[in-house]
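My notes follow in the order I looked things up.

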Amino acid sequence: MSNKRYFPAPKGADGAPALTKRELKVVVTVAAASGRTPERDAALLLCSATTGLRVSEIARLEVQHIMNEDGTYQLEGWIPGEFTKSGRPGPVFVTNKKFQRALDSYFEYRLRKRHLVSDEPDRYRGLKPSSKVFLTETGRKFAMSIKRREKKVEGKKKPIVVEYEACDVLERAFKRFYKRAFGDKTVFSSHSGRKYFASMLARLVEANRERHEGYEDVVELMRSQNLTAIQPYLYPTKEEIEKSCLSLV
C-alpha cells in the first residue's frame, strides 16, 4: 500500500506474523495428515485464513450461518453480532474451493460419527442447522470463557470494562497445529490466519484503488470498529520490515 508505515502493535496485541501462502499450504497439509481429527483441523486452518474470523467466532459459527437448507454453501453467509467480539454482524464468504472441499470432508466425518445430526437427511446435509460448524473430538461445541478488556468510549475520560467470550481451547489447538508443522519454537498463533486474510484483502484493495475502493471494505469484512482496530493486521511488524530490507539486494 502506498502510504504503508510501521506502527508498533498496540499494547496487548498478538505479535504473531501473518502466514505466507507457502506456510499456509504446509500447515494445512500437516494437519490433514496427522492428529485425531485431521478433517476438522485442516478445515479450521482454512476457515481462519479464508474468512478472517476470530477464533471465538469460528467456535460459535453455526451450520445455518454458511449453508443453505439444500446443503449448498451460501454465496454470502452471515454471522450475527452476538457471536462476534466487536458486537458487529458481518458477511462470511465460504467461496474458497479448498475450504469448501475441507468442509465437505469434515461434514462427512461428522455424519459418520453422528455428531449433532438431525433426523432430516435432506436438510442441511443431515446436520442440525443450529449446531456449531466445528465441534470437539467428542462431538460437542467448544467451551467459551468470559474475559474482560478495557474499551475507550468517546466522551469519557476513563475506559470502560467490557466482557467478551473467548475460546481458549481452540486457541491452544491452533498453536498445536503450528507447532506440529513448524516446531515448538514457532511464532505463529491463532491470529496468523486472520492476518493472512487481512493482508490478502489489503492487496486486493490496493490493486483496485483506481476503482475508488477503500479500506472501509477491509474493516467491514473483518467485523472491526474502524481502521485503527485492524492496524495490527495490516501494518508490518519490525521483523517483517527487516526481512524485506534484506531481500532488496
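At what angle do the axes of helix 1 and helix 2 cross? I found roughly 160 degrees, with the axes coming within 8 Å. Angles over 145 degrees count as roughly antiparallel, so helix 1 is roughly antiparallel to helix 2. The model is a predicted one, I noted.

Next I listed who makes this contact. Helix 1 (residues 21–31) brings L24, V27, V28 and A31. Helix 2 supplies P38, D41, A42, L45, L46 and A49. I sorted these residues by type: nine are nonpolar, one is charged and none is polar.

Then I stepped back to the whole protein. I counted ten helices and four strands. Along the sequence they run α-α-α-α-β-β-α-β-β-α-α-α-α-α. Of the 249 residues, 46% count as buried. I also checked contacts with a separation of 6 or more: 60% of them join residues 24 or more positions apart.

Helix 5 got its own entry. It covers residues 97–113, 17 residues in total. From first C-alpha to last it reaches 24 Å, close to the 24 Å expected.

I looked at both ends. At the start of helix 5, a side-chain oxygen of N96 comes to within 3.0 Å of the backbone nitrogen of K98. After helix 5 comes R114, with a positive phi near 60 degrees.

Which residues of helix 5 are buried? I wrote down F99, Q100, A102, L103, Y106, F107, Y109 and R110. Their cover includes helix 2 (38–51) and helix 4 (63–66).

Conventions: Residues numbered from 1 in each chain as written. Predicted model: local features only at pLDDT ≥ 70, side-chain atom pairs only at ≥ 80, totals over all residues. Heavy atoms only, no water. Helix = DSSP H or I, 4+ residues; strand = E, 2+ residues; numbered from the N terminus. Expected span 1.5 Å × (residues − 1). Buried < 20%, exposed > 50% of the residue type's maximum accessible area, 1.4 Å probe, protein only. Contact = heavy atoms within 4.5 Å. Polar contact = N/O pair within 3.5 Å; in protein donor to acceptor, adjacent residues only side chain to side chain. Axes fitted to C-alpha atoms, helices over the stretch in contact; angles between N-to-C directions. Parallel < 35°, antiparallel > 145°, perpendicular 65-115°, else oblique. Nonpolar A, V, L, I, M, F, W, Y, C, P; charged D, E, K, R; others polar.
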